[in-house]
Amino acid sequence: MEDKKIGVLFDLDGVLVDSEGEYSDFWGPMGRRFNVPSPTFAADIKGTTLGEILLAFPEEAREGIVNELHDYEKAMKYPWIPGAEKFIESLLAQDIPFAIVTSSDDVKMSYLFAAHPELRDKLTALVTGSMVHNSKPDPEGYLTGAKLIGVPIEDCYVFEDSMQGLEAGRRSGATVIGLSTTNSREKISDKADMVIDSFEGFDTDKMRKVTRG
């Protein structure tokens, strides 16, 4: 009997590329500069679109913040999460469609593809922050990604690291695999059907065995 068609939906930062720490280094000081009340602002906004993040700042400051962010992102290195590149190659070899579903904007994605030019052509689909009306934890991005790759959401695996992203995956109806790259295993275990530290030692056979709780 032939395996049913499945799909994979990846968050980007903290899932495929090791960049969440750099964003904390940007948004933490930015929040303090503008006296954003939350002491955990950099963590609170993980998985949130830029448009929504900017609502925390004075309107007259937002354009300058975006310019600073893009300069910062242009200088970032975007190293792969261990094993992620090999895992992507295994999806391609098995004709498993996959999409990146990210809150990042198109400018940031241009910097990512400059760092990893081969990735653009390997993707089945891409969902960016400009393509959704509702940020994570709303499931809109993942539901959109499932439609674009042509796989029912209940037959998709979502890979996430942030609390808001994990909740979005859960609400979408997908099977959720959490990466403990941004939060501890203990913190995300009840938000995911399986938790992995990275993609090293993880393969599609192990993925297929994960069931939605």
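This is a predicted model: local features need pLDDT of at least 70, side-chain atom pairs count only at pLDDT 80 or more; totals for chains, interfaces and linings use all residues.
Me: How many charged residues does the contact of H1 with H4 have?
Reply: On the H1 side, the contact involves Glu22, Tyr23, Asp25, Phe26, Trp27, Met30 and Arg33. These residues meet Ile65, Glu68, Leu69, Tyr72 and Glu73 in H4. Sorted by class, the contact has 7 nonpolar residues and no polar ones, and the number of charged residues is 5.

Me: How are H4 and H6 oriented, roughly parallel or roughly antiparallel?
Reply: The axes of H4 and H6 come within 9 Å and cross at roughly 15°. Angles under 35 degrees count as roughly parallel. The orientation of H4 relative to H6 is therefore roughly parallel.

Me: What is the handedness of the crossing of H4 and H6, and how many polar residues does their contact have?
Reply: The crossing of H4 and H6 is right-handed. In the contact, His70, Glu73 and Lys74 of H4 meet Val107, Lys108 and Tyr111 of H6. By class there are 2 nonpolar and 3 charged residues, and the number of polar residues is 1.

Me: Which elements are included in what covers the buried residues of H6?
Reply: Helix H6 covers residues 106-115, and its buried residues are Lys108, Met109, Tyr111, Leu112 and Phe113. The cover over these buried residues includes helix H7 (117-122) and strand S3, together with H1 and H4.

Me: Is Ser135 buried or exposed, and with which side chain does the side chain of Ser135 make a polar contact?
Reply: Ser135 is located in the loop between strand S3 (125-127) and helix H8 (140-149). Its relative accessibility is 9%, so Ser135 counts as buried. Leaving aside residues up to four places away in sequence, Ser135 touches Thr48, Thr49 and Glu52. The polar contact, at 2.9 Å, is with the side chain of Thr49.

Me: What is the omega of the peptide bond from Lys136 to Pro137?
Reply: Pro137 belongs to the loop between S3 and H8. Most peptide bonds are trans. The bond from Lys136 to Pro137, by contrast, is cis, with omega near 20°.

Me: What is the phi of Tyr78, and is Tyr78 buried or exposed?
Reply: Tyr78 sits in the loop between H4 and helix H5 (84-93). Most residues other than glycine have a negative phi. Tyr78 is not a glycine, yet its phi is positive, at about 55°. With a relative accessibility of 0%, Tyr78 therefore counts as buried.

Me: Where is Asp95 placed, and is Asp95 buried or exposed?
Reply: Asp95 also has a positive phi of about 55° without being a glycine. Its place is the loop between H5 and strand S2 (98-101). At 68% relative accessibility, Asp95 therefore counts as exposed.

Note on methods. Residues are numbered from 1 along each chain as its sequence is written. Side-chain values use heavy atoms; hydrogens and water are left out. Contact means heavy atoms within 4.5 Å. Helices (H or I, at least four residues) and strands (E, at least two) are DSSP runs, numbered from the N terminus. Ala, Val, Leu, Ile, Met, Phe, Trp, Tyr, Cys and Pro count as nonpolar, Asp, Glu, Lys and Arg as charged, and the others, Gly among them, as polar. Buried means under 20% relative accessible area, exposed over 50%, partly exposed in between (1.4 Å probe, protein chains only). A polar contact is a pair of N or O atoms within 3.5 Å; within protein, one must be able to donate a hydrogen and the other to accept it, and residues adjacent in sequence count only if both atoms are side-chain atoms. Axes are lines fitted to C-alpha atoms, for helices over the stretch in contact, and angles run from 0 to 180 degrees between N-to-C directions. Angles under 35 degrees count as roughly parallel, over 145 as roughly antiparallel, 65 to 115 as roughly perpendicular and the rest as oblique. A crossing is left-handed if the near helix is turned anticlockwise from the far one by less than a right angle, and right-handed if clockwise.
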